[in-house]
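Subject: Structure for you to look at

Hello,

Please find the structure below. My notes on it come after.

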Amino acid sequence: MSLTAELCAYASDLGLDWVGVTSPFPVPGLAFYTAWIEQGYHGEMTYLARPDRLERRADPAKILPGVRSLISVGVNYYSGRFPAALEDDPARGRISRYAWGSDYHAWLLPRLEALGAFLEQASGHLVAWRAYVDTGPILERAYAAQAGLGFIGKNTCLIQPRAGSWLFLGELLTDLALDPTLVEASGGCGICTRCLAACPTGALVAPYTLDARRCISYLTIELKGPIPPALRPLLGNHIYGCDRCQEVCPWQRFAVPTAEPAFRTADATYAVPLLLDLLRLDADAFEAQYRGSALHRIGRGRLLRNVAVALGNWRAPEALPGLIAALRDAEPLVRGHAAWAVGRIGGAEACRALQVALSSEPDPSVQQELRAALLMI
Ligand code: SF4
Ligand code: SF4
C-alpha cells in the first residue's frame, strides 16, 4: 500500500469524508485570484490584499520551506432542512447552515494535525507539515478541485459531484513527496445559471466571480461597521451568512446528512431563531448561547446589528417595543441599525421614539442614522 493510500485510509478513520493529494506547484487559480483582489471585490477584508500574504499565497514554499505535497480534505456538514414555513418566516432569522453545529475549525484542525503526526510515524523520519483550516493564505477551493475533491461552480463554491457543496475544507502542507491521488472526471455547471439569478444582492457579478462587498455572508459576518443602507432591504431575514446560491444548485440533490454528530443541527430555536428573542440578548446571554459556535466570532454587537436589519425588513409593529429599547443599547452599531428598523416600520410611536433618542444621542454616526430614519417616516 502506498503512503498516499495509507493516508487516505487513516483520514477516513478520522471521520474525513474526502481526501486528495496534489502538488502545491504551480498554484492553481492564482491569476484569477490576483485579478479579483485588483478589482477590490474583497471589500474590507484588507488582510487578503496584504503584500506579504499575497506573496505566500503565490508561493507555498514561503509558508512551509521545502513543501512538496498538499493534502486537501473535506467533511460533509449537511444536516437536512427545516420546513420552508420556518425558514421563510420573517419573524425568524436565517443562519447559514455551516454555523448550525459546532465550530468546524475546532473539529477539523486536530484531525489535520493527526494526519501530520501519522505521516511522521508512517514514513519513519522527521516530516515538516503545516495544517490550515480556512485562515491560511492558501487557495483552498482551487487546490481541492485539483486534488480531485470536486469542481468549482459558478457560485464560487467547491461542489462534490456525489454530495453537493455542503462541505468544510482543510489543508495539510508537507515536505514529503507523496503520490498524487487519481482525479476522476467530475461534473460542472454547463449552461446552468440558477445561482446567479437567485442571489438577492447581485453579488455574483459574473459566473465564478463574487463581489464580496455585496454578498450577504460578507455583510453579516465580515463587515465590522454599518451595513450600507441601500443593501439592508435586500438582506431579508438573513442574520448570519447566506446559503441561497447553494440551495438552488441542482448538485445539492445529492446531499446526504452528515455522519458527524458535531455538525448535526441542534434545533429550530438555534438555526431559525425568533428575531425578538435575539434582540433581548445581553452580553452574558450571548456568551452563554453562542460560545463554541461559529456565530460567536461576530460578537453580540454585529449579531444584533443584523437582527435589527431583519426586523426592519419584517416591518411588523409588534417589533417596535424591542427596537425602541434597542435605541438605548450600549453599542452604537446596534442603536444605529435599530433606528433604521424603527424608521422602516414607521408610524407615530416610531417617530416619537426616534425624536426622543435623537435628543440625547451622543454618537454622531447614530445621530445620522436617527435623522435618516425620521426622513423615512
Ligand atoms: Fe449571493 Fe447569498 Fe451567495 Fe452571497 S451567499 S453570493 S448574497 S446568494
Ligand atoms: Fe453551477 Fe448551476 Fe450550481 Fe450555480 S446553481 S453552481 S451555475 S450548477
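This is a predicted model: local features need pLDDT of at least 70, side-chain atom pairs count only at pLDDT 80 or more; totals for chains, interfaces and linings use all residues.

Residues are numbered from 1 along each chain as its sequence is written, chains are lettered from A and ligands numbered from 1 in the order in which they are written, and side-chain values use heavy atoms, with hydrogens and water left out.

A nonpolar core is a set of buried Ala, Val, Leu, Ile, Met, Phe, Trp, Tyr and Cys residues joined through side-chain atoms within 4.5 Å. Buried means under 20% relative accessible area, exposed over 50% and partly exposed in between (1.4 Å probe, protein chains only). The largest core has 111 residues, and Leu303 and Leu323 touch the most other members. Helix α13 (residues 299-314) gives the largest share of this core, eight residues. Helices (H or I, at least four residues) and strands (E, at least two) are DSSP runs, numbered from the N terminus. A second, separate core of eight residues has Trp18, Ala147, Ala163 and Leu167 among its members.

Next, the helices. α13 and helix α15 (residues 332-345) pack at about 5°, with axes 8 Å apart. Axes are lines fitted to C-alpha atoms, for helices over the stretch in contact, and angles run from 0 to 180 degrees between N-to-C directions. α13 and α15 are therefore roughly parallel (angles under 35 degrees; over 145 is roughly antiparallel, 65 to 115 roughly perpendicular, the rest oblique). α15 and helix α17 (residues 364-376) also pack at an angle of about 5°, with their axes 8 Å apart, so α15 is roughly parallel to α17.

Asn313 is found in α13 and is buried, with a relative accessible area of 18%. The Asn313 side chain reaches the backbone oxygen of Arg232 at 3.0 Å. Leaving aside neighbours within four places in sequence, Asn313 is in contact (heavy atoms within 4.5 Å) with residues including Pro233, Leu235, Trp340 and Arg344.

Where is Asp243 placed? Asp243 is in the loop between β10 (238-240) and α9 (244-247). Asp243 is buried, with a relative accessible area of 6%. Not counting residues up to four places away in sequence, Asp243 touches Ser96, Arg97 and Trp166.

Regards

How values were computed. A polar contact is a pair of N or O atoms within 3.5 Å; within protein, one must be able to donate a hydrogen and the other to accept it, and residues adjacent in sequence count only if both atoms are side-chain atoms.
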